[in-house]
Amino acid sequence: MKKVLVINGGQKFLHSQGSLNRSIANLSIDYFKNREGFEVKSTFVDEDYDVNEEIEKFLWADIIIYHTPIWWFSIPFGFKHYLDQVLTNGHNKLYASDGRSSKSPKLNYGRGGLLQGKQYILTTSWNAPIEAFELEGELFEGTSVDNGPMYGFHKMNSFIGMEKLATYHLYDVMKDPQVESDFEKYTKLLDEVL
């Protein structure tokens, strides 16, 4: 039985109601509830949560699926607060150290994670069109989401020992949303990687 933790990093703030990321998180939860061989838990960071219970969920899960909108080229402040709380309080559970030793303080940074063998999937939702990333001369100058704005997020997961299983990015969600198509493609991705 594979254990899956779905984390919705969306939140209500000003004009954002968090509905798109809530919908894709619910799609993920339903996907695993309706398939044999999976057990699923979830966290919506815009709701109350207990930090110690969240640490236990990270330890319990085989796969963690993060769903997050991108605000000003990063994750929302509520999701960042959640990660700061859970990961920092997870010392000696999620990671033992930064990986370095006093004998070799310049090497092996980021190799002290305790979640080896666990995987994660990241979805992000963007106001930006895909062309902003793919085309030279556009804002991200041909740099992908994963190698650009979300590079640090991937390294954070590597730091605690997890391996990236897949990513899926929803583009242009404000001016040219393709929600039905994106959800179909995301579901197909889950079918393929799992």
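Me: What volume does the largest pocket have?
Reply: This is a predicted model. Its largest pocket is lined by 22 residues. H15, S16, I70, W71 and M174 are the closest of them to its centre. The volume of this pocket is about 710 Å³.

Me: How many charged residues are in the lining of the largest cavity?
Reply: The structure holds one cavity of 30 Å³ or more. N8, G10, Q11, K12, Q17, G18, R22 and D46 line the largest cavity. By class, this lining has no nonpolar residues and five polar ones. The charged residues number three.

Me: How much space lies in the largest cavity?
Reply: K12, R22 and D46 are among the residues lining this cavity. The space in the largest cavity is about 50 Å³.

Me: Is T68 buried or exposed?
Reply: T68 sits in strand β3, which covers residues 63–69. Its relative accessible area is 0%. Buried means under 20%. Therefore T68 counts as buried.

Me: Which residues is T68 in contact with, leaving aside its neighbours within four places in sequence?
Reply: T68 belongs to strand β3. Its contacts beyond four places in sequence include G9 and N21.

Note on methods. Residues numbered from 1 in each chain as written. Predicted model: local features only at pLDDT ≥ 70, side-chain atom pairs only at ≥ 80, totals over all residues. Heavy atoms only, no water. 1 Å grid on protein atoms, 1.4 Å probe; cavity = no way out; pocket = protein on both sides within 12 Å on 5 of 7 lines; lining within 4 Å. Points joined across faces, edges and corners; volume = space filled by probe spheres on them. Nonpolar A, V, L, I, M, F, W, Y, C, P; charged D, E, K, R; others polar. Helix = DSSP H or I, 4+ residues; strand = E, 2+ residues; numbered from the N terminus. Buried < 20%, exposed > 50% of the residue type's maximum accessible area, 1.4 Å probe, protein only. Contact = heavy atoms within 4.5 Å.
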